[in-house]
Amino acid sequence: MVQQKILDIEMKQAATLNSIAVSKTDSSIQHFQKHTQTKMTTTAQQVVIFDGQVEDLSVLLSGLLPGVTTHVLSPEQNGIDQITEILAQRPTASLTLVAHGFPGGLKLGTEYLELSTLDNYASQLRSWFDPSVVGQFNLLACNVAVGDAGAEFVEKLQAVSNAKVTASSRLVGNGYWPSVATEVFTPHTLQAYRFTLAWEVVGTPQFSAQVIETADLEVSGETPYVVYKNRNDTQLTISKFENNVWTSVGVPNVAAGGFALSTDVEFVNGTPYVAYLDANDGDTTKVIRFDGTNWVPVGNAVSSNGASSIDLETGSDGKLYVLYRDAAHGGRATLRVLDNNTWVPVGPEGFSLGPILQESGISQSDLKIGNDGTPYVVYNYTSGGVGNVVVQSFNTTTGWTTVGNTSFETGTVRFPNLAIQNGVPYVAYSDPNDGKKAYVQTFVNGNWTLVGSPVSTASAFSPDLEFDSAGIPYLVYPEAAAADRATVKKFVNGAWVDAGDFAFSTSAAPYTDVAISSSGIPYVLYRDETDGGGKSKITVERLPDNVVPDTIAPNLVSITRQTPSTETTDADTLVFQVAFSEDVQGVDAGDFALTDDDINVNLNVTAVNASLYNISVSGEDLEDFNGVIGLELAASPTITDLGTAPNSLSTVAPVTVQTYTLSNSDDDDDDGDDDDDDDGGGDGNGNGGTDDSLLTPFSGIDVVGLTRLGSSNTVQFQLTQGEITDVSEIVIFRTDAFGENDTELTRFSILQTDELPSSYSPVFTIDSSLISEGEFLQFAFIENGVTQFASLTTITNSEVSLTFDNGVQLTTSVVNESSTTNLLVNDAQSIDLTGLMGSLDVTFNVFREAADDNTVGFYVTETADGGVRDPLTNAILLPGDAGYKEAAIANRLDIELTGQNGQVSTFEASMTAGLQLGIFVIIDGADATTNDVVFSYGQANGGADHIRQLGDNTFGIEDQPALGDMDFDDLVVEFSIR
């Protein structure tokens with residue numbers, strides 16, 4: 001799809017593509033449209049248009065999400081004219097183009113949309129988008145945003161189209177997709193579509209001044225550093241890539257000796273430290289650091305003469321460790337740590353089980369420090385003339401101990417490389433028992449276990465393993481099946497797949513190294529042998545994910561009447577609804593004013609969602625006013641969008657403006673609410689009982705009969721009054737007409753009301769699958785172990801009041817349950833989105849009543865009992881299984897909910913429909929690797945249920961061990977989907 005070079009398509013294939021016109025719609029999307037504003041209707045139409053020259057169109061077309069409208073352009077006609085014709089009758093709010101790209105443009109049919117043609121097509125581009133909103137314009141095409149030409153093209157395209165443009169500064173496909181692609185394609189499709197994804201050179205290729213012998217790569221934040229030894233003068237050089245150029249970091253003025261790859265760079269709080277073998281001092285191991293001006297020694301010499309195979313590492317506490325092959329102890333391994341500026345041994349010197357082997361100048365040992373400060377080492381060694389490999393860890397009590405089997409492989413592996421992820425060791429290596437292919441093993445349940453199948457297709461020299469912040473492992477190695485070109489694989493969905501192009505380097509690339517930036521961008525260093533003859537210099541490449549900044553200001557789209565809905569009224573409170581072109585923040589009463597400034601009124605703002613707000617107008621002046629009342633923006637509104645660099649509200653006038661005409665001359669309504677009585681029952685939100693529904697209370701036996709459901713399908717409860725002094729439960733029984741033979745139908749928890757927001761009024765809906773017309777229900781309230789049954793009073797035909805002896809009162813009514821009424825399953829064990837479709841906008845309201853600053857998140861489950869897929873072994877782990885915590889966190893969504901104590905916090909997020917989600921809580925922190933975590937499945941907490949359902953789409957959390965005081969209000973989370 002997305003290669004810069006456009007491939008020829010045979011005429012027969014082109015004709016077939018031209019005949020494809022897929023149009024998918026989904027009536028279920030209507031349940032998101034609770035409001036009839038322009039934005040809510042237009043965003044339901046996601047339009048994706050493919051250029052007919054895109055390869056493997058059938059894969060992409062078959063993998064579209066529901067609710068997407070698609071078209072395929074003829075490759076033989078002007079694509080821009082075709083799009084204009086397609087969208088002429090129905091401009092869209094969201095348009096995605098899938099085509100071949102190049103820096104500063106893309107090809108659509110026979111035409112190029114680029115800087116030189118934008119002015120010619122300006123009016124057509126604007127006509128593609130609904131004028132009442134700021135459209136979203138996504139370009140799934142390669143390299144469009146590359147360089148100055150790309151940046152200028154994107155900026156100008158945003159201006160002429162009045163749409164927010166997203167574009168890539170690299171190739172797209174083959175496992176890499178911008179996030180917007182997940183809004184139109186299924187995850188399987190994005191994984192299955194296999195086309196070129198380019199690595200890009202960082203700076204210039206072969207940037208080292210001399211031919212190099214040894215090099216090491218690290219990334220500090222987003223800045224890559226390289227330390228290398230020049231072959232001719234053996235001088236050590238440290239370079240960093242900053243301001244688009246490689247520059248030297250001071251001048252170390254030291255000559256490095258020893259075997260190849262015997263230098264190493266690490267960082268402590270952003271300060272670079274380098275370990276090397278000093279050629280002027282008998283290859284003594286030394287460490288230096290950069291103080292901002294000069295390179296200065298760190299402590300005394302680490303080793304005596306004759307060290308080799310050095311490895312420098314830092315712990316999470318900033319401690320420095322050096323592992324080396326110690327000639328003074330027969331070539332065995334020694335580990336030292338810097339303590340009070342002195343390098344002291346960790347355990348005995350020469351601790352390894354035998355002498356460390358050496359091969360091809362590459363270290364046969366590796367060191368990593370776990371998050372808890374535990375040192376781990378892997379090494380090849382000889383014992384009795386036989387080669388072995390072992391992993392060991394150090395404990396201050398037990399000393400050096402073997403991790404798992406004495407040897408996790410038969411005989412000696414080649415180039416063992418170690419990584420620690422969430423306290424679990426992983427080892428990458430080249431296996432001489434299988435053609436020297438690259439393998440990865442991990443230590444699970446007391447055994448070493450393969451991670452997937454062999455990583456490489458042929459021999460792999462010195463593989464290097466690193467994890468990104470999401471826990472995804474990356475392995476780099478020279479692929480022998482492709483002339484030893486650099487190749488990177490990552491492990492996703494149970495398989496090793498190419499991260500970028502397979503064998504992407506332009507020449508043979510021995511001695512590869514991978515490091516990953518804080519934002520997840522992988523960098524690869526290799527000795528570039530383009531010049532041949534062993535004259536290798538350093539080249540670094542990366543896989544970037546560039547983001548085009550949002551420069552489009554939000555608009556006020558409409559001001560419409562909400563309550564009452566009629567233009568002429570004598571109501572004493574008026575509610576306007578204002579809609580914005582995108583999600584906004586900072587909306588308050590000071591942002592609005594009445595069109596008649598002689599009237600003194602009170603304005604109150606209530607958010608419906610992040611782009612829709614209700615503005616109520618009330619006050620004594622309104623009660624006697626006659627005339628037209630309208631709402632407008634104040635002189636200097638403080639409203640902005642939600643970008644990282646927020647754009648202020650534009651001054652463009654709303655497309656739709658409605659007003660009220662007040663007529664109070666005949667106002668004889670004593671209560672002033674101008675509302676008609678409604679005997680239809682319900683919850684007051686348009687979901688209530690219908691005229692043809694009927695609830696029949698039998699007061700003598702405290703039973704309610706579901707005499708007639710009519711067009712409704714279930715029963716709902718709402719707390720209307722009363723003080724709850726302790727966590728209580730409402731239990732609903734199915735019974736018979738005599739109030740006997742009770743069986744429990746379901747139950748709900750209700751919290752103490754004095755510690756919750758005044759607006760807390762829980763609603764409980766029984767799943768419609770549990771309810772049938774003609775059944776009889778009985779209701780109990782359990783508080784402090786005391787059970788009370790409700791006294792019943794008819795309110796309307798479809799509404800009954802439930803009153804308990806302690807003064808608590810609920811209302812039960814017949815309602816029509818929708819697919820989003822209550823998505824919590826089994827007392828908040830999971831959130832079930834499997835019945836929904838498309839991308840879901842979710843609003844979370846979080847209330848905190850706890851000293852601990854907890855973080856709530858969600859993770860994808862594979863089975864109804866909470867099973868999660870281990871991303872490394874592809875096995876399904878159930879709650880309570882070893883490794884469940886790590887696997888669940890690895891499947892987490894990018895959503896984190898927190899709260900301020902005693903306050904309500906609101907969060908907006910997007911979720912993908914079709915998933916089933918578990919809930920987890922990080923106790924008093926945000927780091928799941930270091931803090932305690934509890935899950936919505938009690939088995940994962942040793943049987944303790946820390947999360948309870950408190951109402952429709954509402955759950956509460958008890959954050960203390962052993963369930964503490966069991967108040968379940970430490971965090972209360974309410975969510976709604978639109």
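So, why is strand 57 (residues 776-783) largely enclosed by the rest of the structure? Because six of its eight residues are buried, where buried means under 20% relative accessible area with a 1.4 Å probe, protein chains only. Strands here are DSSP runs of E, at least two residues, numbered from the N terminus.

Quick housekeeping: this is a predicted model, where local features need pLDDT of at least 70, side-chain atom pairs count only at pLDDT 80 or more, and totals for chains, interfaces and linings use all residues. Residues are numbered from 1 along each chain as its sequence is written, and side-chain values use heavy atoms, with hydrogens and water left out.

OK, the neighbours of strand 57. Two strands pair if DSSP finds at least two bridges between them. Strand 54 (residues 728-735) runs antiparallel to strand 57 over seven bridges, and there Ile 732 has Phe 779 as its bridge partner. Strand 52 (residues 703-708) is also antiparallel to strand 57, with three bridges; look for Val 704 opposite Leu 777. Then comes strand 58 (residues 786-789), antiparallel to strand 57 through four bridges, with Ala 780 facing Phe 789. That last pair is a hairpin with two residues between the strands, and Asn 784 takes a positive phi near 55°.

Strand 71 (residues 947-951) is mostly covered, with five of its five residues buried. Four bridges tie strand 71 to strand 72 (residues 954-957), antiparallel, and Gly 951 is partnered with Thr 954. Two residues sit between these strands, and Asn 953 has a positive phi near 55°.

Note on methods:
Buried < 20%, exposed > 50% of the residue type's maximum accessible area, 1.4 Å probe, protein only.
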